[in-house]
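Me: I am new to this structure and would like to go through it with you. Could we take it topic by topic?

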Amino acid sequence: MSNAEGAVKLQGGVPFLKQVHPALLAGLCAAFLASGALVWWLSGEIILTTVFLAGIVVLAGCIFAVARLSADGPTDELAAPDWSVTVAAIEQNGVGVAITDRANRLTCANRTYREWFGADVAPPNLALDRQGLEALTRATREAWRDGQASATDLQGSERIWRAEAERAGRGDDYLIWRFTAAEELDQSSAIADRIGGAFGDLLSHAGIETALVDGDGIIRTVGKGFAERASGDPTAKLVGQEFVKQLRSDDRDRIYFAREGRKGPAQTLVQVPLDLHGPSGNALMLLLEGGIGIGGADESASNAATPQLEALLGALPLGLAMTDRDGRFLFANPAFLRAIDREEGGLPQYPSDLVVKEDKGALADAVRRFGKGPASSGDMAIRIRSQPDEPVSLGLAGVRGLGEAAVLLSLTDSSEETKLKRQVAQATKMQAVGQLAGGVAHDFNNVLTAIIGYCDLMLLRHTPGDSDYDDIQQIRANSNRAASLTRQLLAFSRQQTLRPEVLQLPDVVSEVSQLLKRLMGEKITFNVRHDRDLGPVRADPQQLEQVIVNLAVNARDAIHSRGDGTGKLTMATRRVSAGDIQRLESEIIPVADYTVLTVQDTGGGIPAEMLGKIFEPFFTTKEQGKGTGLGLSTVYGIVKQSGGFIFADNVTGRDGKPEGARFTVYLPVHRGELPARAEEKAETAASDWSGGGRILLVEDEDMVRAVGERALTRAGYQIVTASDGEEGLAAIANDGPFDMVVSDVVMPGMDGPKMVKALRKIHPEMPILFMSGYAEEQLRKEIDIDRMHFIPKPFSVQQIAEKVGQVLSSNA
């Protein structure tokens with residue numbers, strides 16, 4: 001009989017009678033005698049009584065014999081189990097054994113099971129992951145049903161187990177569980193993967209460097225931040241090296257990185273054991289900046305910013321500066337000084353000294369808040385005193401562990417970006433002003449056409465010497481002057497009428513040289529230089545002459561404004577190749593060949609704050625009452641309409657001060673064959689045209705329509721008028737035919753070009769004369785109509801009559 005069986009069986013080998021109580025034995029004997037006496041008294045026969053007593057004796061003998069056999073052999077009777085014997089029997093090294101009843105209650109367990117799972121937890125309710133619990137529950141059901149079952153890969157917090165269950169007991173009321181450890185989980189490996197990855201980078205960014213070492217102090221893995229500070233290389237492999245050799249301590253037991261020494265911040269070392277139950281001794285080492293030595297001295301306020309840190313910040317393109325907790329500047333790199341325009345002046349005492357008065361309080365409060373509070377970062381908009389009109393974003397970040405440095409300021413050197421923004425804003429503004437000027441000039445030209453036309457009609461009824469003749473002439477003269485101003489506005493908006501030709505720029509300069517010498521006077525020296533092999537350009541020679549004269553007059557006025565009015569004006573032409581343009585890396589001028597005109601004076605230059613405004617209309621630096629402010633804007637418009645570019649800058653002398661202004665005009669070289677100059681055809685003057693004709697006049701402005709009707713009627717034409725395109729088509733259908741159509745371009749409803757396209761479907765050979773205040777070249781690009789003629793507004797009575805006669809004669 002085994003020990004296990006003996007732990008649950010009755011104890012045998014004791015004589016039966018010894019197990020019977022004496023009082024019970026005396027009672028049995030008395031009952032025996034009383035039963036015999038009762039039988040004798042009832043039957044009265046001694047023989048029957050004797051037989052009854054003999055049977056009782058035989059029965060007692062049988063019972064005694066059975067009792068003797070039970071004492072010598074096994075018995076089927078059960079007694080209360082002695083679990084201490086069972087526990088002693090199930091003790092096994094490396095195997096956790098537990099016995100549970102049908103209610104899954106723990107009735108017995110060995111020491112290994114209790115160490116692994118505890119003494120108050122029974123299968124299947126063990127500390128396992130979800131899959132392990134499901135597998136163990138399934139094995140429990142199978143064991144009760146089939147008698148035995150097993151489960152594998154039961155993962156807990158420290159190990160992976162394998163379990164076997166067996167049903168036992170005479171009534172199959174118990175399960176015997178046996179657990180074996182399949183694998184011991186290595187927490188160190190999981191932590192090593194984390195500190196070597198993004199989690200380690202996150203800790204390093206927060207100022208915590210990490211390393212994993214074994215029980216002998218040998219490095220198993222380190223974070224990138226630790227590797228960089230220990231060796232200078234974030235990818236350095238420190239595995240296998242001694243951890244203590246990466247650090248050093250001073251006489252006060254303060255810890256530093258060995259590579260940095262005392263020049264770096266002190267560190268606080270925290271050791272986190274990773275194997276509480278095993279012999280490996282792996283530990284996670286954490287190094288926190290701002291170490292506390294054994295003596296308790298706080299090292300967070302050690303030295304000021306280290307020279308190495310200042311050298312690093314100085315090499316960065318981002319403007320960076322540091323202040324202490326009181327907001328005083330400690331350091332600023334060159335990019336920061338450039339951003340605040342203090343490369344030569346250096347840093348003030350406080351950051352608030354850099355900004356305008358309205359921003360001083362807010363900046364000072366922000367610096368103190370970031371310096372004394374928890375480490376955090378943010379930004380705010382400020383206005384630098386040197387650039388009060390352009391807010392910039394200042395970044396602030398509280399830093400710790402850098403000695404006196406408490407706040408890191410960041411400011412982008414946006415001078416180039418600001419310059420580009422100004423150029424874009426200026427170009428946008430110039431375009432908007434040009435559109436406005438063009439629209440105003442177009443409407444003003446309609447008014448001037450009516451004024452000049454009525455003046456001409458009045459002059460026809462007055463002769464010189466008449467009292468009203470001079471007044472009418474004065475009105476007409478001022479109207480022509482106003483027309484000249486509108487032409488300048490149209491030139492600025494690139495909407496004036498140009499007659500471009502292919503020409504050589506030196507020829508145009510030579511045409512106006514004599515005029516320029518007279519304009520300059522005797523005190524100004526006028527020099528002209530021409531480069532060789534200049535490419536031809538395509539431009540209107542008359543407008544190009546106006547560009548040269550305006551630039552020269554502008555230079556003369558600048559020279560006269562300085563002292564005695566003596567100076568020098570230099571005009572030069574040169575050739576610029578596409579390679580030269582490419583080397584300039586200009587974002588404005590396309591890469592191509594150019595012929596360049598330079599006009600340079602010694603008039604003292606243009607103030608820097610005015611350089612971006614000089615091409616705006618009505619902007620002038622002259623005193624009040626002198627100049628219209630349209631000279632340079634006209635130059636700008638003519639150059640741009642000719643496909644060129646113009647730039648203005650200052651020329652500095654040897655002392656670094658501006659000694660004069662320089663205007664540079666880039667005109668693209670014309671490619672292709674040079675067209676032979678066509679012989680100008682002798683056009684028949686209106687006075688020679690006597691054929692008359694029937695003309696349809698379409699104009700939405702009542703004043704212009706009335707002047708045109710009277711002028712052409714006086715010239716001998718039969719006129720039919722219409723106020724828009726629809727009326728014009730109706731007149732052609734009802735009052736036709738016509739010899740010619742004279743029409744405005746822009747009209748409400750159906751405009752002139754749409755009307756003409758509809759007309760040409762009926763009368764394809766009908767000559768058309770358009771009247772407009774916009775540029776002819778621009779209109780020809782927008783209006784694709786054959787045999788179209790053009791007359792610009794404002795025009796006189798004589799001009800409209802002559803133009804109509806020319807068109808009719810050319811189509812006769």
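Me: Before that, what kind of model is it, and how are residues numbered?

Reply: It is a predicted model, in which local features need pLDDT of at least 70, side-chain atom pairs count only at pLDDT 80 or more, and totals for chains, interfaces and linings use all residues. Residues are numbered from 1 along each chain as its sequence is written, and side-chain values use heavy atoms, with hydrogens and water left out.

Me: How many helices and strands are there?

Reply: The chain has 23 helices and 28 strands. Both are DSSP runs numbered from the N terminus, with at least four residues for helices (H or I) and at least two for strands (E).

Me: And how much of the chain is buried?

Reply: Of its 812 residues, 40% count as buried. Buried means under 20% relative accessible area, exposed over 50%, and partly exposed in between, with a 1.4 Å probe and protein chains only. The accessible surface of the chain is about 45100 Å², and 52% of that belongs to carbon and sulfur atoms. These areas come from the Shrake-Rupley method with a 1.4 Å probe; for residues, only the protein chains shown count as cover.

Me: What share of the contacts joins residues 24 or more positions apart?

Reply: Such residues account for 59% of the contacts in the chain with a separation of 6 or more. A contact means heavy atoms within 4.5 Å.

Me: Which residues have the most contacts inside the largest nonpolar core?

Reply: They are Met 571 and Phe 663, in a core of 36 residues. A nonpolar core is a set of buried Ala, Val, Leu, Ile, Met, Phe, Trp, Tyr and Cys residues joined through side-chain atoms within 4.5 Å.

Me: Which elements build that core?

Reply: Among those giving two or more residues are helix H15 (505-520), helix H16 (541-560), strand S20 (567-576) and strand S23 (658-668). H16 gives the most, with eight residues.

Me: What does Met 571 touch?

Reply: Not counting residues up to four places away in sequence, Met 571 touches several residues, including Val 509, Leu 516, Phe 526, Ile 548, Ala 552 and Leu 597. Apart from this core lies another, of 23 residues, among them Leu 337, Val 355, Leu 363 and Ala 366.

Me: Changing topic, how many aromatic pairs are there?

Reply: The structure holds 13. Rings of Phe, Tyr and Trp (its six-membered ring) pair if their centres lie within 6.5 Å; planes under 30 degrees apart count as stacked, over 60 as edge-to-face and the rest as tilted. Phe 117 and Trp 161 form a tilted pair, 4.8 Å centre to centre with 50° between the planes.

Me: Where do those two sit?

Reply: Phe 117 is in helix H5 (residues 111-117) and Trp 161 in strand S4 (residues 159-168), so the pair ties together parts that are 44 residues apart in sequence. Phe 117 is buried at 13% relative accessibility, and Trp 161 is buried at 6%. Both belong to a cluster linked by ring pairs, together with Tyr 113, Trp 116, Trp 177 and Phe 179.

Me: Now the charges: how many salt bridges are there?

Reply: There are 21. A salt bridge is a side-chain nitrogen of Lys or Arg within 4 Å of a carboxyl oxygen of Asp or Glu. One of them joins Glu 260 and Arg 229, whose closest N and O atoms are 2.9 Å apart.

Me: Why does that pair tie together separate parts of the sequence?

Reply: Glu 260 lies in the loop between strand S9 (255-257) and strand S10 (267-273), and Arg 229 in helix H9 (residues 224-231), so the linked parts are 31 residues apart in sequence. Glu 260 is partly exposed at 22% relative accessible area, whereas Arg 229 is buried at 12%.

Me: Which residues form a network of salt bridges?

Reply: Glu 699, Asp 744 and Lys 793 are linked in one.

Me: Last topic: how many disulfides does a search find?

Reply: A search of the whole structure finds zero, a disulfide being a pair of cysteine sulfur atoms within 2.5 Å. Cys 108 is buried, with a relative accessible area of 4%, and Cys 455 is buried with 5%.
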